[in-house]
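Hello,

Here is the structure I promised to pass on. Please open it next to this email and follow along.

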Amino acid sequence: MSSLQALCSGLPLQPLPENRGRWAGVPHAPVRTPGLSPAEEQLALRNALRYFPLDVQELLAPEFAQELRLYGHIYMYRFCPDMKMRAYPIEQYPCRTRAAAAIMHMIMNNLDPAVAQFPQELVTYGGNGQVFSNWAQFWLTMSYLSQMTEEQTLVMYSGHPLGLFPSSPQAPRLVITNGMVIPNYSSRTEYEKLFAMGVTMYGQMTAGSYCYIGPQGIVHGTVLTVLNAGRRYLGVKDLAGKVFVTSGLGGMSGAQAKAAVIVGCIGVIAEVDKAALMKRHEQGWLMEVTDSLDHCIERLREARKRKEVLSLGYHGNVVDLWERLVHELDTTGELLVDLGSDQTSCHNPFNGGYYPVQLGFAEAQSFMASDPAAFKDLVQESLRRQVSAINRLAKENFFFWDYGNAFLLEAQRAGADVEKKGANKTEFRYPSYVQHIMGDIFSLGFGPFRWVCASGDPQDLAVTDKLATSVLEEAIAVGVNPAVKLQYMDNIRWIREATKHRLVVGSQARILYSDQKGRVAIAVAFNQAIARGKIKAPVVLSRDHHDVSGTDSPFRETSNIYDGSAFCADMAVQNFVGDAFRGATWVALHNGGGVGWGEVINGGFGLVLDGTQEAEQKAKMMLSWDVSNGVARRCWSGNRKAYEIICQTMQDNKDLVVTLPHEVADERMLQQALWP
């Protein structure tokens with residue numbers, strides 16, 4: 001069993017660890033099919049071996065070549081550590097700076113088997129969200145972090161630790177870029193080759209930026225989404241007896257079952273992978289499971305009648321479930337579903353992110369590797385069938401939204417009937433959840449703010465929960481506008497429910513949606529509590545990249561921006577740069593995330609609060625920018641709510657001066673000017 005000291009001592013070469021290959025009993029990433037030429041295969045092997053001295057290359061070369069042939073990538077299984085991977089208390093890491101120890105804490109959480117989707121392939125979530133490309137990179141990164149001083153910055157190129165470079169105490173300790181491929185070469189096909197050659201990496205959002213906190217984050221987002229969907233589509237505040245149908249119980253999607261229970265509805269979630277389904281059931285996140293469609297429908301009917309709170313996992317393909325719901329409607333006249341979405345990893349549809357209804361799970365895994373072209377055809381046929389069933393149900397009082405996983409985008413590419421007449425490129429027959437639900441919340445400056453108690457002590461998390469709740473309650477008491485008050489109240493409810501439902505998986509972390517004022521006030525309260533000893537160790541602040549300012553994604557985060565700039569990435573890049581020089585402990589910028597490679601640019605940060613006055617000043621400066629950047633952009637694009645928020649923010653902070661848009665005259669004037 002390795003120790004943390006050994007883990008930070010560099011690559012284990014004398015002696016080499018035993019090659020135990022792939023572990024049994026844990027999920028593994030699907031076989032990749034990069035389609036490398038012989039010359040590219042040789043380059044992939046050369047690139048992997050350059051991490052090792054000559055005297056071991058002859059031994060490692062054949063096993064790395066075998067990994068490339070068998071799995072489509074060189075993960076270096078021999079170097080997968082044999083110690084328990086988890087977020088250890090910060091004081092246990094052998095480091096020269098607390099910032100480095102905090103980063104190690106976050107990295108190891110992302111690779112914890114209780115958290116990670118495919119831990120041995122270094123995938124945290126989303127099917128292909130990598131922490132590193134191979135295990136050599138992990139060992140070297142841990143070694144560099146243990147050596148790092150306050151006058152050095154570690155530079156990461158798509159999983160590869162380039163090295164420690166001189167900087168200053170005010171600079172970030174870590175700068176990460178993932179997938180920064182020249183735009184004309186940023187295609188899926190090119191990505192598969194570049195990843196196989198070990199030169200780029202898909203970091204998803206918080207996988208490659210070391211900020212994932214387990215499925216709790218998406219539980220919270222799904223709670224807010226379903227609550228607000230009920231208000232918008234069904235006109236109800238109480239979701240008792242309402243049915244929400246969706247799919248996916250793997251990485252992030254595993255949150256849907258728990259979210260359904262928290263909002264008080266009936267959640268029916270389909271999952272083809274029995275291991276993923278049973279993991280959620282054993283965690284207590286999924287109340288019941290069945291592999292019978294007949295039983296599923298019978299149980300759904302019963303729960304609707306009794307207005308039970310229920311999370312029901314259907315072990316099978318969601319297309320079968322949607323088609324059965326259509327059959328029930330057409331034969332009995334009974335609509336059994338009110339709300340629907342999809343959380344398959346549809347950003348990666350042909351490599352394990354979406355399983356076609358025509359094949360069983362094991363058969364599909366084999367077929368996608370043996371005949372990728374035929375597998376793609378089956379996936380696209382399955383998408384067309386799924387959309388056809390959803391379209392039939394939507395003729396009744398049923399509402400569907402895209403959950404930002406590229407479902408409607410891939411369905412469109414498959415030829416499914418998802419077009420919206422007269423729409424722009426980012427609109428489909430059904431809205432993105434950002435367009436109809438979360439977009440208004442973003443425009444108010446609210447987004448997924450999160451923190452991790454680096455002590456690993458649940459008592460510290462309890463203290464932060466109470467502090468965050470009191471901050472929001474005090475803000476309501478002082479007075480806020482009704483829209484902001486509603487969001488604060490939803491999040492106070494969330495913190496109480498999160499504690500009750502024991503949502504912590506991995507690190508002692510919490511998430512809530514807050515605006516700029518709330519985030520800054522919570523950070524200051526935490527920092528002062530650390531200084532007074534009420535919290536025993538530093539707290540790491542972070543957020544999902546899926547936030548007000550962090551992501552430019554025309555089919556998700558910026559899908560409700562209609563001035564033509566939805567396909568521009570200035571906001572996310574400016575956010576990354578601005579966070580870096582305003583006090584972030586680390587920053588990350590990624591290509592891809594959520595909706596897929598080449599479809600989005602996004603970034604994030606980590607900020608370590610240690611109780612010092614310097615940490616408080618950094619938090620005030622950086623968190624203010626991290627929110628106001630995106631609100632100002634939304635204001636300029638014509639969003640009225642964002643306009644009001646940014647005007648109020650400028651009144652509160654005279655150093656903030658934002659260019660405000662003037663109203664443009666009506667369409668008639670524009671048409672007359674263009675076509676007199």
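Just after helix 17, G479 takes up a positive phi of about 120 degrees. Helices here are DSSP runs of H or I with at least four residues, strands are runs of E with at least two, and both are numbered from the N terminus. This is a predicted model: local features need pLDDT of at least 70, side-chain atom pairs count only at pLDDT 80 or more, and totals for chains, interfaces and linings use all residues. Residues are numbered from 1 along each chain as its sequence is written, and side-chain values use heavy atoms, with hydrogens and water left out.

Now the start of helix 17. There, a side-chain oxygen of D457 comes within 2.8 Å of the backbone nitrogen of Q459.

T469 sits in helix 17, which runs over residues 458-478. T469 is buried, because its relative accessible area is 10% (buried means under 20%, exposed over 50%, partly exposed in between, with a 1.4 Å probe and protein chains only). Other buried residues of helix 17 include D460, L461 and V463. Their cover includes strand 12 (447-453), helix 18 (482-500), strand 13 (509-514) and helix 19 (516-531). Beyond residues up to four places away in sequence, T469 touches I492, I495 and R496; contact means heavy atoms within 4.5 Å.

Next, S514 in strand 13. S514 counts as buried because its relative accessibility is 0%. Its contacts, leaving aside neighbours within four places in sequence, include L472 and Y488. The C-alpha atoms of S514 and R450 are 9.5 Å apart, although 64 residues separate them along the chain.

Best wishes

Methods
Polar contact = N/O pair within 3.5 Å; in protein donor to acceptor, adjacent residues only side chain to side chain.
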